Amino acid sequence: LATGNADMPPPSSKVYFEEDELHGADGLDKEQRLIEWIVETLSENLRQIVAARVTSRPASVTREEQVIGKGDGIVLEETKDVIELPKLSVDDLAKRTDPDTIRLSPEVVDQLRHFITVIACMYPKNAFHNFEHASHVTASVHKLLARIVKVDTTRQTESFSYDGVDLAGHSYGITSDPLTQFAVIFSAIIHDVDHPGVGNAVLIKEKLPLAAQYKN
């Protein structure tokens, strides 16, 4: 998946969709620029996940995979209200590899780009609930996560200071778990895939199968 190489820093993040032109200076159209920004954002998370694996191994999800999609109900009935995040000590966090030294292989980045491109194609050309909207939501979620996980060291005093455990506790473990951060951002990317373009009230009023499937 990746190899450590301090001489090859990760690509810098760029917000491609701030330009008004149909095609940017890089020759990419708006959707392609959105895809490239998302690829860079998720690649950053993947480097953090690889760096974190030095002190912890990912829990097996085989049991959950066997349950999902096997029942006769709907997806909402298979969700969990509470997910327990891993508990880490300050020493565990200190042992982690610097994510900036992690280099993702070109094959991984290409697979990620292809995957995000497929997701983009699954968004209808709706007036609002489209891939551009999903990208804006993703950017907002990315910004909110950055505010959660970044420690403001300027506030530290003799009577008030942060430590890894305290910060992780106040963020419900999100700070110390890059896999959760990845999942949150990925959820934002796919949250409106295949959206019909109208709200629930319209689906219910017109008695469409989708409304009946999810019990209105």
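Predicted model: local features only at pLDDT ≥ 70, side-chain atom pairs only at ≥ 80, totals over all residues.
The chain holds nine helices and two strands. From the N terminus, the order of elements is β-α-α-α-β-α-α-α-α-α-α. Of its 216 residues, 28% count as buried. The accessible surface of the chain comes to about 14600 Å². Carbon and sulfur atoms account for 55% of that surface.

In soluble globular proteins, nonpolar side chains tend to be buried together. The largest nonpolar core here comprises 24 residues. Within this core, I38, L42, L46, I116, F131 and I189 touch the most other members. Four helices each supply at least two core residues: α1 (30-52), α4 (106-121), α5 (131-149) and α7 (178-190). The largest share, eight residues, comes from α1.

Leaving aside residues up to four places away in sequence, I189 touches I38, L42, I116, I119, Y123, A134 and T138. Of these partners, I38 and L42 are, like I189 itself, among the core residues that touch the most other members. I116 belongs to that group too.

The pairing of α4 with α7 was examined next. The axes of these two helices come within 10 Å and cross at roughly 35°. On the α4 side, the contact involves F115, I116 and I119. These meet F186, I189 and I190 in α7. The contact residues divide into six nonpolar, no polar and no charged.

Conventions: Residues numbered from 1 in each chain as written. Heavy atoms only, no water. Core = buried A, V, L, I, M, F, W, Y, C linked by side-chain atoms within 4.5 Å. Buried < 20%, exposed > 50% of the residue type's maximum accessible area, 1.4 Å probe, protein only. Contact = heavy atoms within 4.5 Å. Axes fitted to C-alpha atoms, helices over the stretch in contact; angles between N-to-C directions. Nonpolar A, V, L, I, M, F, W, Y, C, P; charged D, E, K, R; others polar. Areas by Shrake-Rupley, 256 points an atom, 1.4 Å probe, with all protein chains shown as cover.
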